[in-house]
Amino acid sequence: MTTNDAATTRTAPAATGRSGSLFAEVGRVLEGHWVWYRLNWRATVISSVLMPALYLIAMGIGMGSLVEPGEFTQGHDYLVYLAPAVLVVSLVQTAAGESTYPVLSGFKWQRNYLAVAATPISPARLALGELTWIALRLLFSGLVYLLIAALLGALLNPMVLVSLLAAVLTGMAFAAPVVAYSATVQGEGAGFNALFRFVVMPMVLFAGTFYPVSQLPEVVQPVAWITPLWHGTELARGLAFGTLEALPALLHLSYLLALAGVGTVLACRHFHKRLVV
Amino acid sequence: MATAGSLIHARGLVKRFGSFEAVRGVDVDIAPGESFGFLGPNGAGKSSTMRMVSCLSPRSGGELRVLGMDPDTDGPRIRARLGVVPQQDNLDVELTVRENLQVYGRYFGLSRAAVRERAGELMEFAQLTDRADAKVEPLSGGMKRRLTIARALVNDPEVLLLDEPTTGLDPQARHVLWDRLFRLKQQGVTLIVTTHYMDEAEQLCDRLVVMDGGRIAAEGSPSELIRRYSTREVLELRFPFGRVADHTEVAARLAERVEVLPDRLLLYTDNGDAALAAAHEAGLRPVSGLVRRSTLEDVFLRLTGRSLVD
């Protein structure tokens, strides 16, 4: 609409805001996070990297000294066997943290998502921005972890950088559905505690990080197979040790991509439902 | 048909939440440069109407054009040209004042250079320049509110929508805020305000609608509404609590209309002093008698039988 004539001198000039492409708007959401992160990254690195480093030292070096390299460690030192798996497990834990309380806060406590809803950026694009931000955070945490693992002599070769990509995908296969869930939480996030206790924690212990799932009783094994963590761990180890075969690789990859994909679609939908009322 | 040149055009606008109808057929046209108000008590449907006009909430029925476009299909393009001040501040409290403005400007697609410059201007406007690099968290309520308004102006909006802009602020902070909004009005920014404060409506609005129960009860400028729905003056007679009803019959003979409140009688008349003298003559002995001019509160009382702030 044009404001008709020059006689209405009080009419304000045209606004300077404009909507942008999907790519540009997701980028602007990332930029918003970056403004905060560039000053606060140290604290987040400590919590998301120190923990896996401690795991690696305690389990890999401490307990690992009792473990003879053998068939189940694929011939490697236990520390080396553990390194790619701890990468995956630590990213999944970071993903769980980033996709729960911070998302609920955006809707409920800090309510910054409500502020974004009043801009040209649509709720679905905001959701995509949030997920992309989590993926970048995982990538960065993973890189710092690998640096520490390398210093500890836990890495065999640079192929572990490909494992890192598998680990980020695994993190997102978990984060995307959880973000979708978090966008529906109305209360104070009591469900998150259950999620950490009854999903994340058992996954860490039983999805093949510290020993092959085949060591578990046969009836329990299928439970491990449905976790994204097991698929990610198989991928990451297989890539790092060069033992990955095409068909299992394809299955693991498909499963993780499906989880991440369905989670992303649901997250976009739930953000829309929550913000456009 | 849209009235030529109106920025907001609504006909039979409806908002339902499940079976509850919050807005029940609102007709409104707002012209460029106008300051327009939705006045009404809590639950009157003001905020729901405002959210539909802000393209934050889809309408359940009726016709709505904002800046000549349909919010259902052109939401992002419309929002790019609006400024929205929500009822509850939703600033990023972990960022500084300056960062809040810059980040928000980027959401509107402004260049980095543009947001830097605009942030400086807006901090000046909001009298927050000396707090530019302070975190938002410890700022006072009035400062946060000014920052929220400044943030809504980052894209030079053609329409600024303010939902209860001064609720919860102390009187001084309210006046500072009103002063800022006056300046915007002078610059030609179209203001749309919801409020349940009559003084705010009188201060800010060229024209307003009184809303009640999801409908528009009356429309006009503040002075028009007062002229149409009230008398020039009001005599307030205060009585001991519970004794008010004893005097209504006598009072009714002294004025055009009488409203009974729990602690006082309101006598609507064009000459309050004369009515006060007549009241004494008629033997009324109120605890106090006060003559004042009619306000929008009286209009509201007349239209709905209830007072605004209950």
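Reply: Two strands pair if DSSP finds at least two bridges between them. Helices (H or I, at least four residues) and strands (E, at least two) are DSSP runs, numbered from the N terminus. This is a predicted model, in which local features need pLDDT of at least 70 and side-chain atom pairs count only at pLDDT 80 or more, whereas totals for chains, interfaces and linings use all residues. Residues are numbered from 1 along each chain as its sequence is written, and chains are lettered from A and ligands numbered from 1 in the order in which they are written.

Me: How do you know that strand S1 of chain B pairs with S4(B)?

Reply: Strand S1 (residues 8-17) of chain B and S4(B) are joined by 5 bridges in the antiparallel sense, and the criterion asks for at least two, so the two strands count as a pair. Val14(B) has Gly61(B) of S4(B) as its bridge partner, while Ile8(B) is bridged to Val66(B) in S4(B).

Me: What makes S1(B) and S2(B) a pair?

Reply: Here 8 bridges are found, again antiparallel. At least two are required, so S1(B) and S2(B) pair as well. In S2(B), Val14(B) is bridged to Arg24(B). The hairpin of S1(B) and S2(B) has 2 residues between the strands, and in it Gly18(B) takes a positive phi near 65 degrees.

Me: Why are strand S2 and strand S4 of chain B said to stand at the edges?

Reply: The open sheet has 3 strands in the order S2-S1-S4 (chain B), with antiparallel pairing. Strand S2 (20-30) and strand S4 (61-66) of chain B each have a single partner strand, so one side of each is left without a neighbour in the sheet. On average, neighbouring strands of this sheet are turned by 25 degrees against each other, direction ignored; axes are lines fitted to C-alpha atoms, for helices over the stretch in contact, and angles run from 0 to 180 degrees between N-to-C directions.

Me: What does helix H1 of chain B touch?

Reply: Helix H1 (residues 46-53) of chain B packs on the sheet and touches S1, S2 and S4 of chain B. Two residues are in contact if their C-beta atoms, placed from the backbone, lie within 7 Å. The direction of H1(B) makes about 120 degrees with that of S1(B).

Me: Which strands form the open sheet with mixed pairing?

Reply: That sheet has 6 strands in the order S5-S6-S7-S3-S8-S9 (chain B). Strand S5 (82-85) and strand S9 (215-220) of chain B are its edge strands, each pairing on one side only. Neighbouring strands of this sheet are turned by 15 degrees against each other on average, direction ignored. Strand S3 (residues 35-39) and strand S8 (residues 207-212) of chain B run parallel and are joined by 4 bridges; with at least two required, they therefore count as paired. Leu39(B) stands opposite Val210(B) in S8(B).

Me: Which helix lies across S8 and S9 of chain B?

Reply: Helix H8 (residues 222-229) of chain B does, running at about 105 degrees to S9(B).

Me: How many helices and strands does chain A have?

Reply: Chain A comes to 10 helices and 0 strands. Its C-alpha trace spans about 90 × 40 × 35 Å along its principal axes.

Me: What is recorded about the span 162-183 of chain A?

Reply: An unreviewed UniProt entry places the feature "transmembrane region" at several spans of chain A, including residues 162-183. UniProt positions are given in the numbering used here, feature names are shortened, and annotations may be inferred rather than shown by experiment. In the model, residues 162-183 of chain A are 95% helix and 0% strand, with the end C-alpha atoms 31 Å apart.

Me: How many residues of chain B are in contact with chain A?

Reply: 36 residues of chain B are in contact with 34 residues of chain A. Helix H2 (71-79) and helix H3 (97-107) of chain B each supply at least two residues of the side that touches chain A, and H3(B) gives the most, with 4 residues.
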